[in-house]
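The exercises below are to be worked through with the sequence and the coordinates side by side, and each task is followed by a stepwise solution.

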Amino acid sequence: MNVLEVRNIIKKFGDYYANNDISFDVPQGKIFGLLGPNGAGKTTMIRMITNILMPDSGSITLFDQQMNPELQNNIGYLPEERGLYKKVKVLEQLIYFGRLKGLSHSEANKRAKMWLSHLDIADWAGKKVQELSKGMQQKVQFISTIMHDPDFIILDEPFSGFDPVNTELLQKIVIELKEQGKTIILSTHVMHQVEQMCDEMLLIDKGQVVLSGNVSEVKRGFGRNNIFIEFNGSSAVFQKIPGVSIINKTENTVEIAIDKSIISPPKLIRELVEKVDIYKFDTKEPSLHEIFIEVVSKKEGSNE
Amino acid sequence: MSNSKIMTIISHEYMLKLKSKGFLIGTFIAPVLMAALMILPTFIMMATEDDISKKIYVLDETGILYNDIVQSDTAIYSKSPYNLDELKEKTQNQEIDGYIYMPSNVIKEGKVEVNTSGGGGGISFIQSLKSTLKSTIRSERLKNEGIDLQTLEDAGKGIEIITKKISKEGKVEEDNNEILAAVGFIFGFANYFLMLMYGGMVLRAVIDEKANRIIEVIASSVKPFDIMFGKIVGIGLAGLTQVMFWIIMSSVVLMIGLSPSETVMSGVDAEQMQQAQVLFGQIPMPDINIWMIFGFLFYFITGYFIFASLYAAIGSAVDQEQDAQQLQMPVTMIIILPMMFLASMISNPESTVAVVASHFPLFSPILMPVRMFATSMPMWEIAISMVAMIGTFFGTVWIAARVYRVGILMTGKKPSFKELIKWIKLAK
């Protein structure tokens with residue numbers, strides 16, 4: 001079941017297309033990675049699925065309803081640019097944000113306190129935000145995003161500004177939310193977090209979709225071209241085989257890319273066995289990081 | 001649902017303002033400072049006046065003028081036992097502070113010499129000496145011309161005009177036009193002051209929320225129009241609270257000031273009560289009816305909303321307060337401009353200029369209360385103005401909401417007026 005269905009969204013600012021015909025689905029209970037370089041149109045897309053902006057054309061359906069203001073109470077949104085009232089006390093602030101999401105005063109108070117102690121900052125409830133460290137402010141912001149128990153959560157760079165311990169704590173909470181059946185969109189530039197956490201992903205660039213699907217499938221689609229070999233012998237042999245190019249080499253290892261139209265991995269093994277001793281032969285999936293760079297820079301190149 | 005969110009925003013903005021240091025200072029300390037500013041100069045004057053301990057001799061060759069001068073301040077002036085040369089020498093040696101020399105032809109020529117060792121003697125010294133001499137010499141001259149002082153006094157008696165108005169029912173009532181006009185002036189000025197002050201607060205609150213990036217969080221929960229409207233109402237209520245506090249405080253101070261202090265200290269004494277009432281009776285109470293108060297409130301509320309929403313729109317368009325200065329200029333000018341009509345409005349509330357200017361909706365909040373108090377306006381004229389005000393109110397809020405909606409999400413370069421107009425057209 002899809003919680004969010006985005007169809008043919010176009011959003012222009014003047015003559016500039018921030019989103020140009022974008023469509024995707026976010027299935028229920030999954031963590032969905034929304035990726036793209038700076039200025040790709042991610043924030044514009046997020047603002048439309050939080051009903052802050054209206055698309056010029058196309059449709060957005062959330063929980064089987066056309067996007068409308070009532071749906072906002074069931075959305076939790078952590079913007080990339082964090083925003084808190086610096087001079088308002090932590091608890092007071094959380095109650096306010098909770099009430100804006102439709103909670104009653106007492107319910108907001110209860111949940112804010114619960115989350116504050118859950119994230120280990122209960123002692124700071126009565127302090128003004130400006131007295132808190134950046135990490136603590138991030139926690140407060142995080143609480144304001146999820147305290148009203150939304151079923152649909154959008155987190156834009158949720159782990160920036162956290163130390164490794166707190167990053168792990170927050171990651172754990174996000175995974176817990178997923179396990180409770182919440183649907184989460186995670187927008188980040190940190191690719192290994194996407195690999196660790198996301199089930200599905202969408203990569204957009206210059207307002208258009210360039211890559212989408214299940215994260216491991218995406219990686220597989222890009223994989224198999226790179227082969228990692230541990231061997232004993234002269235690395236010169238690799239250069240002589242047609243269709244093979246060396247990406248990386250050390251004394252005893254080499255990482256190569258092969259052109260599948262010229263040579264297949266099994267054929268390569270047969271050729272190598274006669275010339276060097278092979279200890280390890282591994283087809284290697286590229287990391288999302290590499291895929292990101294490859295896709296985005298290829299697109300830049302083709303546009304120029 | 002949405003209504004309760006507006007209420008949440010209103011109460012949040014209201015409390016935020018109420019708890020802010022600026023508000024507390026403005027409410028409690030500002031009036032104290034104002035009072036201090038008014039009282040202190042008087043204290044300083046009194047303190048310095050005591051300082052004048054000069055010894056000045058009066059040498060009067062006419063023999064009739066010195067008495068008035070000496071009587072005016074016996075501590076300073078005394079009749080000179082010395083002649084002119086002796087006085088000059090003693091002043092030179094600083095044995096005396098100075099002398100006044102009036103030659104025998106002083107009444108005709110009007111020339112008096114003041115010689116002091118240090119020179120000058122201060123403006124207040126010269127002023128008081130001048131006025132003392134003036135009246136003395138004047139009456140002396142009149143006496144010489146054979147004019148009786150009593151005749152003169154009778155001729156100079158003030159003229160009093162009693163204004164009465166005859167109502168439709170044929171009743172003749174005392175008309176307290178002047179006091180009503182003064183009250184109208186105060187109300188008009190109050191609107192001017194409040195619109196500028198609280199409009200500015202709305203502007204800063206909007207910029208603050210945008211600069212701190214809070215707006216995106218709130219916009220993902222509440223409609224932009226509700227955010228803007230809630231903020232304007234919340235700050236408006238805080239303003240009203242402040243004004244109410246001042247009104248109550250000043251009436252308390254007025255009461256204490258008017259009644260003898262013992263009354264306040266030791267309960268009400270019948271006789272003193274009467275004294276207080278007599279005092280009150282001396283200030284003619286203008287007959288302000290409920291419609292006038294309603295009119296003032298109407299123009300205060302619509303005026304505040306019109307300008308506060310314009311300020312909110314401007315605040316939404318910029319990233320920081322400095323950038324707002326240029327954009328807010330025209331709005332501030334529109335508030336200040338009607339102040340120039342105020343004086344003529346009071347002296348001539350029925351002139352064409354007054355009628356036209358007071359009907360211009362952006363001027364009405366300041367000028368209409370003045371006219372309403374200064375003259376009895378026909379109902380239809382007020383009705384037309386009120387309809388225009390309500391129309392302008394909806395118009396400006398609509399325009400402001402469109403700018404606000406686009407503006408709060410825009411960061412980067414400061415927009416021009418042209419761009420703002422584009423936003424109004426663009427916004428959906």
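**Exercise 1.** Compare the length of helix 5 of chain A with its expected span, and find what follows this helix.

Solution. Helix 5 of chain A covers residues 164–179, and its 16 residues reach 22 Å from the first C-alpha to the last, close to the 22 Å expected at 1.5 Å a residue. The expected span is 1.5 Å times one less than the number of residues, and helices (H or I, at least four residues) and strands (E, at least two) are DSSP runs numbered from the N terminus. After helix 5 of chain A comes Gly181(A), with a positive phi near 100°.

The model is predicted, so that local features need pLDDT of at least 70 and side-chain atom pairs count only at pLDDT 80 or more, while totals for chains, interfaces and linings use all residues. Residues are numbered from 1 along each chain as its sequence is written, and chains are lettered from A and ligands numbered from 1 in the order in which they are written.

**Exercise 2.** Locate Asp21(A) and Glu157(A), and state whether each is buried, partly exposed or exposed.

Solution. Asp21(A), a residue other than glycine, has a positive phi near 60°, and it is placed in strand 2 (residues 16–27) of chain A. Because 14 other C-beta atoms lie within 10 Å, Asp21(A) is partly exposed; the classes are buried for 20 or more other C-beta atoms within 10 Å, exposed for 12 or fewer, and partly exposed in between, with C-beta atoms placed from the backbone. Glu157(A), also a residue other than glycine, has a positive phi near 50° and sits in the loop between strand 7 (152–156) and helix 5 of chain A. With 17 C-beta neighbours inside 10 Å, Glu157(A) counts as partly exposed.

**Exercise 3.** Describe the side of chain A that touches chain B.

Solution. Counting as contacts those residue pairs whose C-beta atoms, placed from the backbone, lie within 7 Å, one finds 22 residues of chain A in contact with 19 residues of chain B. On the chain A side, the elements that give two or more residues are strand 6 (75–78) and helix 2 (90–100), and helix 2 of chain A gives the most, with 4 residues. By class, this side has 11 nonpolar, 5 polar and 6 charged residues, where Ala, Val, Leu, Ile, Met, Phe, Trp, Tyr, Cys and Pro count as nonpolar, Asp, Glu, Lys and Arg as charged, and the others, Gly among them, as polar.

**Exercise 4.** Determine how helix 13 of chain B packs against helix 14 of chain B.

Solution. The axes of helix 13 (residues 290–317) and helix 14 (residues 321–336) of chain B are 9 Å apart, at an angle of about 170°. Axes are lines fitted to C-alpha atoms, for helices over the stretch in contact, and angles run from 0 to 180 degrees between N-to-C directions. The two helices are therefore roughly antiparallel, a term for angles over 145 degrees. Among the residues making the contact are Phe307(B) and Ile314(B) of helix 13 and Leu327(B) and Val331(B) of helix 14. The contact has 9 nonpolar, 2 polar and no charged residues.

**Exercise 5.** Which residues of the largest nonpolar core touch the most other members?

Solution. The core, a set of buried Ala, Val, Leu, Ile, Met, Phe, Trp, Tyr and Cys residues joined through C-beta atoms within 7 Å, has 130 residues, of which Val202(B) and Ala312(B) touch the most other members. Helix 13 of chain B gives the most to this core, with 15 residues.

Technical notes. Contact = placed C-beta atoms within 7 Å. Parallel < 35°, antiparallel > 145°, perpendicular 65-115°, else oblique.
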